[in-house]
Amino acid sequence: MTIQHSFKLLLVILGLGLFIFTPQTIHAQEEAPGEPGESLFQGYVRGSVAEVITSDDSETLGQKILRQTLQVTLTSGNRVGEMVEVEYRDFQSQTDKSLRKGDKLVLAQVNNYGETTFEIVDRYRLPSIYVIVGMFVLITLLAARGKGFTALVSLAATMFVILKFLVPQILSGGNPVWITLQAASVIALIIFFVGHGISKRTTLAFISTLIASGIGIFLATIFSSSVRLFGVGSEETQFVQNFFQGAINLRGLLLAGIVIGMLGILDDVTTAQAAAVEELKKANPDFTFRQLYSAGYRIGQEHITGLVNTLFLVYSGVALPLFLLFSVNTNQPAWVLLNSEYVAEEIVRTLVGSISLVLAVPLTTAISAYYFSRKKKEPITESEIVVIAAEDITVMPIDSKLDK
C-alpha cells in the first residue's frame, strides 16, 4: 500500500471515528418567562468607558473596596451608541483595578422591574487575545513552515475533538474514562499522522503512545482508589457536582484529566525515541536489536532527566497560589495539608503522568529497535553494482606498461 493510499485510508478512519463518536447536540433548558416585575437577563453586550463620574476607595472589615460610577457607550446589541450610567464595585488589591476612560467592557443587560439596566461582567479582552493568537500562528509558520502548518491543523482538530466529542459526552453522563480513551485515540491519530506525517517512525510512536496511555490510566485507576480520591478536591469539581447534581462521575473526570494532560508530552517523547532508533539503524545497518536498544536507550536517558521535572513544573505553575496558602497556614501541620484531597490529587496526577512518560522511553525504544532490527537490507541496484565494481578496479601505472 502506498503512502497516498495509507493517507486516504487514515482520513476515512478519522472521518468515521468523528461521525460515530460525535454525540447529538445537548440542548440547554429554556428559561421560563418570569413573573411581571421580576429581573430577567436579556443577554450580553459590549461597551466602552466614556467618562469616570466618581471613583473612591472605602474600607469595610479591613478590606478596601473600589466604587466607581461610569458613563459607558454601548458598542454592540440593539442599543449601539447609547450612553448608560453603570455602577462598578470590586475589591482592591496591590494591582490597581480601577476602570479608566477608553476601557472596553462586557456588560449584562437586565430587565429590572420593567427598566433596562446594565451591569459590568468583565473587561473585554478578546482583541488582545486575537493579537496573541495571530502572533503564535505567524511565528509557528515562519519557524517550521510546512511542519508548522500541519501542527496548527492538528491543534485545531484536537480542540474540535475535545470540545465537540469529549466534553458533550461527559456532560451527557457517559463514563469519563471510556470516553477519554476514545478521544485520546482519535487525538493521537491526529497529532501523529496529521502533525508529523505518515512514516514508520510515526506509526511506531503512535503505537507506543497508546500503550503508555493505557499504562497511565491503569495506574491512575489503582492509585486513585488506594488513596481514596473522589475527584472533589478542587472548587471547580465541587461546583460541577453541585451544578449537575451528582450526574458527573468526578473520579472518572479526574482520571480523564490525567490522560489528556500527559498525551501531548507523550507525543514528544515517543516520536523523539522512534526517530533516534531509526537514525541509529541508518548510521549502522548491521546493528542488532540489542545494540539498537542499548544505544537508543542511552539517548532516552537524557530525555528522562528532563521528563522527571516536566509535569511537576507544569502543575506547580497552576497550583502556585496553593503553595502560597500552605506557607502562611500555621494552624495545620504539614502532614495534614499533604493529606488533603486537593494536594493528594495533584500528587497522584503528577506522579502517574511522570511514571507513564518515563516508561514510554524504554517502551518506544524496544518497539522501534525490534522493528528496525528485523528490517531486511534492500537489494543492491544495478547502478550501485557499477559503482562498487569501479571502486575495485586497480588502474595500472603507465610507466609499468612501458617497462613491459
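I take buried as under 20% relative accessible area, exposed as over 50%, and partly exposed as in between, using a 1.4 Å probe and protein chains only.

I am working from a predicted model, in which local features need pLDDT of at least 70, side-chain atom pairs count only at pLDDT 80 or more, and totals for chains, interfaces and linings use all residues. Residues are numbered from 1 along each chain as its sequence is written, and side-chain values use heavy atoms, with hydrogens and water left out.

Entry: salt bridges. I count a salt bridge when a side-chain nitrogen of Lys or Arg lies within 4 Å of a carboxyl oxygen of Asp or Glu. I searched the whole structure and found 8 salt bridges.

Entry: Asp122 and Arg125. I find these two in a salt bridge, with the closest N and O atoms 2.9 Å apart. Asp122 is partly exposed at 33% relative accessibility, and Arg125 is partly exposed at 44%.

Entry: Arg79 and Glu82. I find a salt bridge here with the closest N and O atoms 2.3 Å apart. Arg79 has a relative accessible area of 24% and is partly exposed; Glu82, at 31%, is partly exposed.

Entry: Arg201 and Glu279. I find their side chains in a salt bridge at 2.9 Å, N to O. Glu279 lies in helix H7 (residues 250-283) and Arg201 in helix H5 (residues 200-226), so the pair ties together parts 78 residues apart in sequence. For helices I use DSSP runs of H or I, at least four residues, numbered from the N terminus. Glu279 is partly exposed at 40% relative accessibility, and Arg201 is partly exposed at 26%. I also note a network of salt bridges linking Arg201, Glu278, Glu279 and Lys282.

Technical notes: Helix = DSSP H or I, 4+ residues; strand = E, 2+ residues; numbered from the N terminus.
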